[in-house]
Amino acid sequence: MSDVKQNLIVLPQILSIPMRFATGPVMGYFLQELRDHQRIMANRCHVCGRFQLPPREVCAICRVPVTEFVEVGPEGVIQSYDLVYYASPDPLTGQARQAPYTTCNVLLDGVQGDDTLWHLLNETDPKKIKRGLRVRAVFNEHRTGSMHDIKYFELI
Ligand SMILES: [Zn+2]
C-alpha cells in the first residue's frame with residue numbers, strides 16, 4: 001500500500017427488484033377504502049378500545065385480533081410536524097423529494113386514543129404551521145390503493 005491517497009471511484013446504480021407483497025385482509029381493506037371511497041378506516045380493539053391507524057391485524061397492547069373498522073377523519077389536528085430542508089433519497093426509488101417539505105402526524109377526528117397518521121402537509125412556511133391546527137386530507141384524483149391515495153393534508 002502506498003501512502004498516496006486515492007480518489008474513490010463511484011459507480012452510481014439503482015437496483016430494481018420487482019416484487020409484490022400481499023397486503024393481508026386488514027391493510028387490504030384500508031387501502032381499498034382509500035382508493036374506492038376516499039375513506040380513512042381505523043380499527044378498534046374490542047378489548048381495550050384503542051384505535052389503530054393504519055389498522056393492524058392484532059392490537060399491539062392486548063395481542064388479540066382486531067376486526068372492527070371505524071371511519072375516521074378526513075379532518076384532524078396536527079400533533080407534530082417536521083419541516084425538512086434536506087431530502088435524503090427515497091430508499092425505494094433513489095429519488096429525493098423537492099425540499100423543503102413538511103411531514104405531520106395527524107390525530108384524525110373520531111380516533112379514540114393517540115394513534116396518529118403520518119403524512120405530508122402541503123405547507124412549508126414555519127410561521128403558518130403549529131401543533132393543534134386543523135387539517136384535512138386531500139385525495140389524489142387517480143388512486144391506486146396506496147398511502148399515496150392521500151395526496152397530502154392541507155390546513156383548514
Ligand atoms: Zn387492545
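Glu57 is placed in the loop between S2 and S3, where helices (H or I, at least four residues) and strands (E, at least two) are DSSP runs numbered from the N terminus. The structure is a predicted model, in which local features need pLDDT of at least 70 and side-chain atom pairs count only at pLDDT 80 or more, whereas totals for chains, interfaces and linings use all residues. Residues are numbered from 1 along each chain as its sequence is written.

With 13 other C-beta atoms within 10 Å, Glu57 is partly exposed; a residue is called buried if 20 or more other C-beta atoms lie within 10 Å of its own, exposed if 12 or fewer, and partly exposed in between, the C-beta atoms being placed from the backbone. Although Glu57 and Pro25 are 32 residues apart in sequence, their C-alpha atoms are 8.2 Å apart in space. When residues up to four places away in sequence are not counted, Glu57 touches Gly24, Val26, Pro65 and Val66, a contact being assigned if the C-beta atoms of two residues, placed from the backbone, lie within 7 Å.

The chain contains one helix and eight strands, and from the N terminus on these elements run α-β-β-β-β-β-β-β-β. The mean pLDDT, which is the predictor's confidence in each residue on a scale from 0 to 100, is 91 for the chain, and 98% of the residues score at least 70. Among the elements, strand S2 (residues 51–52) has the lowest mean pLDDT (94), and S7 has the highest (98). The radius of gyration of the chain is 20 Å, whereas a compact globule of 156 residues would have a value near 15 Å; the radius is taken over C-alpha atoms, and the globule rule is 2.2 Å times the number of residues to the power 0.38. Along its principal axes the C-alpha trace spans about 70 × 40 × 35 Å. Buried residues make up 21% of the 156 residues, and of the contacts with a separation of 6 or more, 50% are accounted for by residues 24 or more positions apart.

An open sheet of three strands has the order S2-S1-S3, with antiparallel pairing, two strands being paired if DSSP finds at least two bridges between them. S2 and S3 stand at the edges of this sheet, each with a single partner strand, so one side of each is left without a neighbour in the sheet. S1 and S2 run antiparallel and are joined by two bridges, and the bridge partner of Asn43 in S2 is Gln52. H1 packs on the sheet and touches S1 and S3, its direction making about 150° with that of S1; axes are lines fitted to C-alpha atoms, for helices over the stretch in contact, and angles run from 0 to 180 degrees between N-to-C directions.

Further pairings involve S4. Over eight bridges, S4 pairs in the antiparallel sense with strand S5 (residues 101–108), and Gly76 has Leu108 as its bridge partner in S5. The pairing of S4 with strand S7 (residues 134–139) is also in the antiparallel sense, over three bridges, with Glu75 standing opposite Arg136 in S7. Ile78 lies in strand S4 (residues 75–84) and is buried, because 22 other C-beta atoms lie within 10 Å. The C-alpha atoms of Ile78 and Cys104 are separated by 6.5 Å, although the two residues are 26 residues apart along the chain. Leaving aside neighbours within four places in sequence, Ile78 is in contact with Cys104, Val106, Arg131, Gly132, Leu133 and Val135.

Several backbone features are located in loops. Most residues other than glycine have a negative phi, and most peptide bonds are trans. The peptide bond from Gly73 to Pro74 is cis, with omega near 5°, and Pro74 is found in the loop between strand S3 (68–72) and S4. A cis peptide bond also leads from Ala99 to Pro100, with omega near 0°, and Pro100 is placed in the loop between S4 and S5. Gln38, which is not a glycine, has a positive phi of about 50° and is found in the loop between helix H1 (24–37) and strand S1 (40–44); with 16 C-beta neighbours inside 10 Å, Gln38 counts as partly exposed. Arg63, in the loop between S2 and S3, has a positive phi near 60° and is exposed, with 9 other C-beta atoms within 10 Å.
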